[in-house]
Amino acid sequence: MSTATNTAAKLPGLDVDPFAPDVLAHPEPLHQVLREAGPVVRLTRYDVYGLGRHAEVQAALTDWQHFESGAGVGLADFRREKPWRRPSLLLEADPPHHDAPRRVLRELLAPPALRRLREQWATAAESVVDEVLSGAAECDAVRVLAQAFPLKVFPDAVGLGPDGRENLLPYGNLAFNAFGPVNELVTADAHRVAGLTEWVDAQCAREALTDDGFGARIWAAADRGDLTHDQAPLVVRSLLTAGVDTTVHGLAAALYAFSTHPDQWRLLRARPQLARVAFDEAVRWQSPVQTFFRTATADVEIGGTLIPKGTKILMFLGSANRDPARWNDPDRFDLTRDPSGHVGFGMGIHQCVGQHVARLEAEALLTALARRVERIEPAGAPRRHLNNTLRAWHSLPVRLHTA
Ligand code: QZP
């Protein structure tokens, strides 16, 4: 413990709103302010603390004993207010409760378990790319690639029925907004919460799922006693919440990166084995998941500041991923760097359990594109889709030049 511990009163407070529309649309200026203000800042607007530097974000993410998830990883404190839905058994839980569901998903989504999908997804990616290239040269890369491909493969892999899949992206949008404050983004969708929640919950039932997908495997784990049967539908729900919008906007980030960095696209085409590292670099560079919270389980010190027990701490993943103290030339999208150590998938015991699925999707799509597309040329202004947590896209107009 440092002897010169700042009290909250002495720590300079910042009166900024990280969830304001202009910040969500363009977060880099705030990130620089946060990193330069110190290892920890007080965000007076919401009475929370914020971490913008890589070292402190990584330290908090890996110290689950002092920075818990069970009080919710959004602004809402589950110890004081009722969550908008039953808390996730993975995301919004701590050891020991967290561990059994985590183990089940980890095994289900580990590389060996995904091998059976590899060829199928490569073929599906080729057919998505074929279809796009048979149309007009100008297209919206968000709709025809970043959304089309995950929606073609992931719901089938989970084992969803054919009806209502158009609810997946709106449900994710709602869930990721719900981690932020109750602002305009949340109230605008309030009328959809009941309907979307009801649909998603219904898809998690054993009867709603095919017998060969991730969903059925989760129910089989319950039959083996690795989970309770009461837990199984909530674990399926985690796949449906965390597995769609994240990959869509991760792929959109990669496509945006390549459209604005033609030299890096040439490099990928020359060395397609770089597809995986390219995806991780895009996740570092854009950070599709920008922020989430932890809650202090005790009075804890960060960088000489005492954070009182029970306080929410906002971790700026996007800021940590461009911290010049951690990365050389952090604003550069660069396939030749080693992006490992980025916190775009989190870090520690909660680190994205679906990351191998996401990488497999990205590898399939980028490889199929690299084989046939010589250049991805911007063909209009890209438009962001504002969300309290996601750095998301509305559209990305491009012209695809075939090889
Ligand atoms: C969302 C769930 C970046 C995270 C907040 C993504 C996420 C992970 C898990 C769940 C939802 O378990 O519902």
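A polar contact is a pair of N or O atoms within 3.5 Å; inside the protein, one atom must be able to donate a hydrogen and the other to accept it, and residues adjacent in sequence count only if both atoms are side-chain atoms. Ser88 gives us one to start with: a polar atom of its side chain lies 2.6 Å from an oxygen atom of the ligand. Keep in mind that this is a predicted model, where local features need pLDDT of at least 70, side-chain atom pairs count only at pLDDT 80 or more, and totals for chains, interfaces and linings use all residues. Residues are numbered from 1 along each chain as its sequence is written, and side-chain values use heavy atoms, with hydrogens and water left out.

**Around the ligand**

- Arg85 has a side-chain N or O atom 2.8 Å from a ligand oxygen, and for Ser238 that distance is 2.6 Å.
- On its own the ligand has 350 Å² of accessible area, and the protein covers 88% of it (Shrake-Rupley method, 1.4 Å probe).
- The shell around the ligand (residues with a heavy atom within 4 Å) includes Leu91, Phe176, Phe179, Thr241, Ala242, Val289 and Phe292.
- Sorted by class, that shell has six nonpolar, three polar and one charged residues; here Ala, Val, Leu, Ile, Met, Phe, Trp, Tyr, Cys and Pro count as nonpolar, Asp, Glu, Lys and Arg as charged, and the others, Gly among them, as polar.
- Helix H11 (residues 232–242) supplies three shell residues, the largest share; helices (H or I, at least four residues) and strands (E, at least two) are DSSP runs, numbered from the N terminus.

**Salt bridges**

- There are 19 salt bridges in the structure, each a side-chain nitrogen of Lys or Arg within 4 Å of a carboxyl oxygen of Asp or Glu.
- One of them pairs Asp230 with Arg86, at 3.4 Å from N to O.
- That pair links distant parts of the chain, 144 residues apart: Asp230 is in the loop between helix H10 (214–224) and H11, and Arg86 is in the loop between strand E4 (67–68) and helix H4 (99–108).

- Most residues other than glycine have a negative phi, and most peptide bonds are trans.
- Pro95 and Pro96 are joined by a cis peptide bond, with omega about 5°, and Pro96 sits in the loop between E4 and H4.
- Asp47 isn't a glycine, yet its phi is positive, about 55°.
- You'll find Asp47 in the loop between strand E2 (41–43) and strand E3 (48–51).
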